[in-house]
Amino acid sequence: MLHKALPVWENMLLPGGTLALAWNATRIERPEMVELVEQRTHLKVRDDAPYTQLVHTVDRVIKRRDVLVAVKG
């Protein structure tokens, strides 16, 4: 689904626009998600603090949710 959706979402953004993705990081690790966004779009993933420190617990089912922020140039 993300392979198809990411380019569409990128096209909807104006220059300087931001995409924020939150996902269950116990199923897809952050490096995998960063790689996917970088392969499927031209967005610049913010892979520096504080953007790399957004991981958090939601409940007993989702033990680790992460957030990825990417900006359109």
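**A friendly note on the sheet, the core and the surface**

1. Let's begin with the sheet: 3 strands make an open sheet in the order β1-β3-β2, with antiparallel pairing. Here strands (E, at least two residues) and helices (H or I, at least four) are DSSP runs, numbered from the N terminus, and two strands pair if DSSP finds at least two bridges between them. At the edges lie β1 and β2 (44–45), each pairing on one side only.

2. A word on what you are looking at: this is a predicted model, in which local features need pLDDT of at least 70 and side-chain atom pairs count only at pLDDT 80 or more, while totals for chains, interfaces and linings use all residues. Residues are numbered from 1 along each chain as its sequence is written, and side-chain values use heavy atoms, with hydrogens and water left out.

3. Now follow β1 and β3, which run antiparallel and are joined by 7 bridges. A20 stands opposite V69 in β3, and N24 has R65 of β3 as its bridge partner.

4. Which residues of β1 are on its covered face, and which on its uncovered one? L19, L21 and W23 are on the covered face, whereas T18, A20, A22 and N24 are on the uncovered one. In a regular strand, side chains alternate between the two faces of the sheet.

5. Next, the largest nonpolar core, which has 15 residues; L6, M33, V37 and L68 have the most contacts inside it. Such a core is a set of buried Ala, Val, Leu, Ile, Met, Phe, Trp, Tyr and Cys residues joined through side-chain atoms within 4.5 Å; buried means under 20% relative accessible area, exposed over 50%, and partly exposed in between (1.4 Å probe, protein chains only). Two or more residues each come from α1 (2–12), β1 (18–24), α2 (30–40) and β3 (65–71), with the largest share, 4 residues, from α2.

6. Take a look at M33. Apart from neighbours within four places in sequence, M33 is in contact (heavy atoms within 4.5 Å) with L2, L21, W23, I28 and L68.

7. W9, in helix α1, counts as partly exposed because its relative accessibility is 31%. In helix α2 you will find Q39, which counts as exposed because its relative accessible area is 54%. The C-alpha atoms of Q39 and M12 are separated by 18 Å, and these residues are 27 residues apart along the chain.
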